[in-house]
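Hello,

Here is the structure I promised to pass on to you.

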Amino acid sequence: MVTQAREVSDPEQSGTASAPARSRISVRNLTKTYRTRRGDVTALRNVSMDVDEGEIMVLLGPSGCGKTTLLRCVAGLEHPDAGEITVNGRTVYSSERGISLPPERRNLSMVFQSYALWPHMSVFDNVAYPLRTAKTSADEVRRRVGEVLDTVGLEKYGSSYPGQLSGGQQQRVSLARALVANQGVILFDEPLSNLDAKVRDRLREELLTLQRKIGFTALYVTHDQTEATGLGDRIAVMEVGTVAQLGSPTDIYYTPASRYVADFVGSANELTGSVAEAVGDRVRVDTSVGPLLGTPTAGMAKGEPVRVLFRPEHCLIAPDGAAAEGNRFSCTVERSTFLGSHVEYNLSASGQRLVLKTMDGNLLASGAKVAVSLDPTLARVFPAD
């Protein structure tokens, strides 16, 4: 039976966390279920993670996976059903101990997708709002707001109003407001999703620069894979209320723990087949394009149905007459597309459609016959189910 948590207004009553000293946010066994007319929907199911001091942890996943619910539970905007949350070493929520601090007592700042700026207030007043709410002296408000506006490059816009600014500038105002009063931890709810691609890329780099300069800790929600891999020190890939994999961007991309992660993060070719034999720490799989050697993600028996996944950029067009090394199979070029930074080929191999990406700008004609090679260490083999 879950104990109904009570709100605690005195921080001292919240106790201390059992999380490691370097952890700025700690989540343990968090569960959240929404009651709807169509039945219960579990948005979070026993989720646990730590966000270390000075790191950007990205929650990545499609709509409905639970990433925003997790962020809002940490912020205190949603009430979990079970579990525990600590922020800066202090318990802010515990179902077992009956603790639930309101948002304003959690010492967190938040940057919203919609910016959440007051249109009738100047940039200076928007940024100063949390300081004035905390009854900070006027001299201190002027000093701190001036410093943070200078930090985000808006020192000349203090008297402007949000409606006079571009979307990118408004997002900087929202970030400045989070920085001016924050206790070292900032929550980001898809803050760049309303911006066009070039502005989004620029602000992503600016955010990284600010984070290195100031050293704040961030929990960052996005559905954009490029944003996640470009910003995150670590990424938690969410799947239907659970963490499917938590690791560095390179771990997530090169060694996905499941077919779901491999398919969601980046793009992947997929071939079905069955295990023919084990070859050291690899398995040989019989597929429609021929036998392929790959890296198994679990113990696999001979004859077991499996799926082989590999990235389009990990395929190489083998030169004519080159010695066969690793995996090699024949393909026909169906279409070639020049995309500036790379060329994308749509290939056909024994009735299978595959995609290959290369930096080589010499386009192959449709109908051309090519040999494709694939490093066995980059071919991930997953159970068929």
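**What I found**

K135 sits in the loop that joins helix 2 (123-133) to helix 3; helices (H or I, at least four residues) and strands (E, at least two) are DSSP runs, numbered from the N terminus. K135 is not a glycine, yet its phi is positive, near 60 degrees. K135 is also exposed, with a relative accessible area of 76%; buried means under 20% relative accessible area, exposed over 50%, and partly exposed in between (1.4 Å probe, protein chains only). A second residue to look at is N46, again not a glycine, with a positive phi of about 55 degrees. N46 lies in strand 3 (residues 39-52). As background, most residues other than glycine have a negative phi.

Before you go further, please keep in mind that this is a predicted model, in which local features need pLDDT of at least 70 and side-chain atom pairs count only at pLDDT 80 or more, while totals for chains, interfaces and linings use all residues. Residues are numbered from 1 along each chain as its sequence is written, and side-chain values use heavy atoms, with hydrogens and water left out.

**The chain as a whole**

The chain holds 8 helices and 22 strands. Its C-alpha trace spans about 75 × 55 × 40 Å along the principal axes. Of the 385 residues, 48% count as buried. The chain exposes about 18500 Å², and carbon and sulfur atoms supply 48% of that area (Shrake-Rupley method with a 1.4 Å probe; for residues, only the protein chains shown count as cover). Among contacts (heavy atoms within 4.5 Å) with a separation of 6 or more, 66% come from residues 24 or more positions apart.

**Helix 5**

Helix 5 (residues 197-214) has 18 residues and reaches 26 Å from its first C-alpha to its last, close to the 26 Å expected at 1.5 Å a residue; the expected span is 1.5 Å times one less than the number of residues. Its buried residues are V199, R200, L203, R204, L207, L208, L210 and Q211. After helix 5 comes G215, with a positive phi near 85 degrees.

What is the volume of the largest pocket? About 790 Å³ of space lies in it. Of the 24 residues that line this pocket, E104, L108, S109, P130 and A181 are the closest to its centre. Strand 8 (109-111), helix 2 and helix 4 are the elements that give two or more residues to the lining, and helix 2 gives the most, with 4 residues. By class, this lining divides into 15 nonpolar, 6 polar and 3 charged residues. For these classes, Ala, Val, Leu, Ile, Met, Phe, Trp, Tyr, Cys and Pro count as nonpolar, Asp, Glu, Lys and Arg as charged, and the others, Gly among them, as polar.

The second largest pocket holds about 200 Å³ of space. It is lined by 15 residues, of which L175, L203, E206, L207 and L210 are the closest to its centre. Helix 4 and helix 5 each supply at least two residues of this lining, with helix 5 giving the most, 6 residues.

On terms: using a 1 Å grid over the protein atoms alone, a pocket is an open set of points with protein on both sides within 12 Å along at least five of seven lines, a cavity is a set where a 1.4 Å probe fits but cannot get out, and lining residues have an atom within 4 Å of a point. Points are joined across faces, edges and corners, and a volume is the space filled by probe spheres set on them.

A search of the whole structure finds 1 cavity of 30 Å³ or more, and the largest cavity has a volume of about 90 Å³. Of the 13 residues that line the largest cavity, Y253, Y254, R311, L378 and R380 lie nearest its centre. Helix 7 (249-254), strand 16 (305-310) and strand 22 (380-383) each supply at least two lining residues.

H314 is in the loop between strand 16 and strand 17 (315-318). Is H314 buried or exposed? H314 is buried, with a relative accessible area of 13%. Leaving aside neighbours within four places in sequence, H314 is in contact with Y254, S373, L374 and L378.

Best wishes
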